[in-house]
Amino acid sequence: MTTRTMGEPIARREDPRLVAGDGRYLDDLGGGALAAAFVRSPHAAARVLDVDVSRALEVDGLVAVYTYEDLEGPMAEPLPLLIPHPRLHAGRTAYPLANGVVRHVGEPVAMVVARDRYLAEDACERIAVAYEPLAPVVGLDAAVAAERVVHDDVPDNVAARMVQEHGDARAAVAAAPHRLELDLTIERSASTPLEGRGVYARWDAADRSLRVYSSTQTSTSVRFALAVKLEVPVDRVEVVAPDVGGGFGVKIMHPWPEEVLVPWAAIRLGREVKWTEDRREHFIASAHERGQRHHVSVGFDDDGRLLGLDVEFLHDNGAYTPYGIIVPIITATQLLGPYKPGAYRAEFRSLYTNTVIVTPYRGAGRPQAAFAMERTMDAIAAYLGRDRAEVRETNFIQPSEMPYDHHLTFQDGRPLVYDSGDYPATLDKVKKLVGWDEFGTFREQARAAGRRVGIGLACYVEGTGVGPYEGAHVRVETNGTVVVATGLTTQGQGHETAFAQVAAEALGVPVERVTVVTGDTRRFKYAVGTFASRAAVMSGNAVALAAGKVRAKALRIAAEALEADPADLELADGTVRVKGAPERELALETVAVLANPLRYAFDEQARLATQFVVGRGVEDPPVAEDDEPGLEATDWYSPVRSTFANGAHAVVVETDPETAEVRILRYCVVHDCGRLINPRIVEGQVHGGVAQGVGGALYERMVYDENGQLLNASFMDFLMPYASEVPKVETDHLETPSPLNPLGIKGAGEAGTIPGAAVLAAAISDAEGFFLDTMPISPSELWALREHHARKDDR
Amino acid sequence: MSEPLHETHLVVNGVPHTVAVPARRLLSDCLRHDLGLTGTHVGCEHGVCGACTVLVDGRPMRSCLLFAVGMDGAEITTVEGCRSAGGGLGPVQQAFQDCHGLQCGFCTPGFVTTITAYLGEHPDPTEEQARQAIGGNLCRCTGYQNIVASVLRAAEILREPEGSGEPQGGAPVSSP
């Protein structure tokens, strides 16, 4: 009997090296490499008149200085627009180094390569750039007004405009018995992984080959991008994502200017070159997300049932659009959450501003979507004087209505069809967990003690596991070790453990025998990447399929050796046995030996497989025509469409009557991500997601001034939650398997973050007695709102 | 325009080293790039995130805010020195694995050193005290839930009598 491994909360296999300080993150590699540093624009918008490098040349240890003038061929062209979309009518991307114009603070203007980072930065300080500053476009109002433009050839600052509609939403709203209009805003935030970006490149001049290590969420795509940009045959390029210190979305963006420039310099110099991003660079030169303003028109009946929902929103995409319009498309489609909207219309404009680019950050448009939808639900409940949970229940898609077609197009270009989920049961569980129905009593007790408390609720549905595909290779070595390789990357999600569990279960071996490699194009060349809560769904299923093929091959080979029918064999605990005749068995390592008929005996195991020991009949080729040597297989998982996870959060907050400080008393999560591979890892993902949701609701924002300067570009001023700010997270879960994939799993990575702003806005509103329409909210802002509402009440 | 170097003596994880460093070289860079002890991570280089925390004469300090040259004669413990005497995982490190106290692992070395020092003085913390003990270190992955649990678990391992079956649960390597 094989010990079950799928679904077990086993300890992570990657932990011993990481806790001991033996991890290999980007900057831990390349000890002897030259260091790169960048001169970056201090202006949000400016013409670059001159770059004078002469004083930098005096710096001891300087190796090279590069400006745009040094770039040639594809390197002198704009970086790729990764996700073109027909509605992105004015997509623009940056040059690797500024070509006469800079469009945000932090845009790279020159690259320096020196013996070490200190010297490289010395040289950067000595490079004199003459700028002609221009008045920048900062914030959505300025972008819409278009009195100034970010790109001369985009006169209205509009990069994209898109409408999705099912039914006649405007007519439905107009005809509804009740109508509400809401303006709902979410500010900018960012992923801010503890490890920033980094690139380390080694050019082998004799071999004409390039190896690049990048702290990326997609090594396979970086490889293709580098081959194009550097004009090196793709076969001569390998990209490795080493241990990566967190991603949360920002590292799916690629190729970064630095990511092409560092290997380019390594080739030109014939030396190893490395760049490790510092924290300020990460704030001003990587990517942000979340800045959106939504106008909601909703029509509903006396029960709060939606009849029409019309949402228009503005999306601030920053200075360039290399990652397309994925974020607002996700908002427009995921806004509906677990509800039937009646007729629905969503229209957005994606606008240029002179700020850092916007690419997905954990949740990727969904936190804004959940905020818009859930605040609308709360507003309907308040308007009708009904319980907020009841209004939600009234609008839920029922389990019996699955699969449910919204008649919209999702971010992957495929129909937005929910595969499964039990939304009423999810809400029921979270109500029980938080004590929704008993809260009134607590509120009265608290009020009697002079305390102000409130409760909030927010539901969400998350499309996870988007395609197009992932693959996996599984091989049984002749020592019995099972090696799994998959192309997508890992940034802390425990893939070495989870994929080992999947392979162990599918193959029938103890999990300890399985090792997993991710994100290394030397080991697996075709993959998409880690984003959109897709790794477990995509590579998990690919690993299961590949391991299943290996298992079938092992049974076939063993059947020949044991002279049995494959159907009579079982493979468990790493041994093939004839069912009911346990004495007739073959260890999997022996099967691996038999799978590879050899000429040369280089060890004892190989001796067992030489042509005089094993082999088919002398009239047959040693390897059959339809077979391959080795006990290994590759397989792929490519879904027809995404699978949809869901959940509900409920929180209880207390607001300080004097200081307006918000304290979270309870944070309850119910989530449903289908079948779990490792509940402990999923739980950890939920915890981390909640922390980012809380941060985004109460603390984190990017503060740009009118000049386009990011005022809080450090961990001193951008307030990420410490342990003191994250409440204890109480969780419960459902397991509604996905019918779309063999393992029945749905993604879990982003879920915890999605309803954070919505649920905290709801709870704070409930405590304060007025409606919050903008998040995040600081104590001083809440205090000012109190004053505002008190004055309004006085009038 | 080359910089003068300063001979500096450091005892790191019990091993004496002599390095010649420019006056401005950070202790974090010296440990990582001069001594090859890359377990100490740099997350912000302005003393906020705590990933670079090492023990200087037993006290947790941010190595990104210290100059190596100023550490002449100091005894320094990094995450690599928080292993058990036998070379296996030390009690705090073991607790992190037991409790799933890490995800990407980048901040973990700073937590391990901080908690090692804390438990040396507070062997039996409450959950609230454990939360306060880690209140100066940033983690972006875990939401801290399982790091708090790891502090409590490490205290439990440290209180277990020697050789009671915990894997390599000996005292952390500290300066001799």
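## A quick tour of chains A and B

In chain B, buried residues account for 60% of the 176 residues. Keep in mind that this is a predicted model.

**Chain B as a whole**

- Chain B is built from five helices and five strands.
- Along the principal axes, the C-alpha atoms of chain B fill a box of roughly 55 × 35 × 25 Å.
- Take the contacts in chain B between residues at least 6 apart in sequence: 63% of them join residues at least 24 apart.

**The largest nonpolar core**

- This core has 312 residues, and the ones touching the most other members are Ala36(A), Val112(A), Val484(A), Ala503(A), Val543(A) and Val591(A).
- Helix 14 of chain A (residues 535-562) gives the most to this core, with 16 residues.
- Which residues does Val484(A) touch, if we skip those up to four places away in sequence? They are Ala472(A), Val474(A), Phe499(A), Ala500(A), Ala503(A), Val514(A), Val516(A) and Val543(A).

**A three-stranded sheet in chain A**

- Three strands of chain A make an open sheet in the order 22-23-24, with antiparallel pairing.
- Strand 22 (569-572) and strand 24 (581-587) of chain A stand at the edges with a single partner strand each, so one side of each has no neighbour in the sheet.
- On average, neighbouring strands here are turned by 30 degrees against each other, direction ignored.
- Helix 14 of chain A packs on this sheet and touches strands 22, 23 and 24 of chain A. The direction of helix 14 makes about 125 degrees with that of strand 22 of chain A.
- Four bridges link strand 22 of chain A with strand 23 (residues 575-578) of chain A in the antiparallel sense.
- Leu571(A) has Val576(A), in strand 23 of chain A, as its bridge partner.

**Strand 8 of chain A and its partners**

- Strand 8 (residues 178-186) runs antiparallel to strand 13 (residues 292-300) in chain A, and nine bridges join them.
- Strand 8 of chain A also pairs with strand 29 (residues 774-775) of chain A, in the parallel sense over two bridges.
- Look for Ile186(A): opposite it in strand 13 of chain A stands Gln292(A), while its bridge partner in strand 29 of chain A is Met775(A).

How values were computed: Residues numbered from 1 in each chain as written. Chains lettered and ligands numbered in written order. Predicted model: local features only at pLDDT ≥ 70, side-chain atom pairs only at ≥ 80, totals over all residues. Buried ≥ 20, exposed ≤ 12 C-beta atoms within 10 Å, placed from the backbone. Contact = placed C-beta atoms within 7 Å. Core = buried A, V, L, I, M, F, W, Y, C linked by C-beta atoms within 7 Å. Pairing = 2+ DSSP bridges. Axes fitted to C-alpha atoms, helices over the stretch in contact; angles between N-to-C directions.
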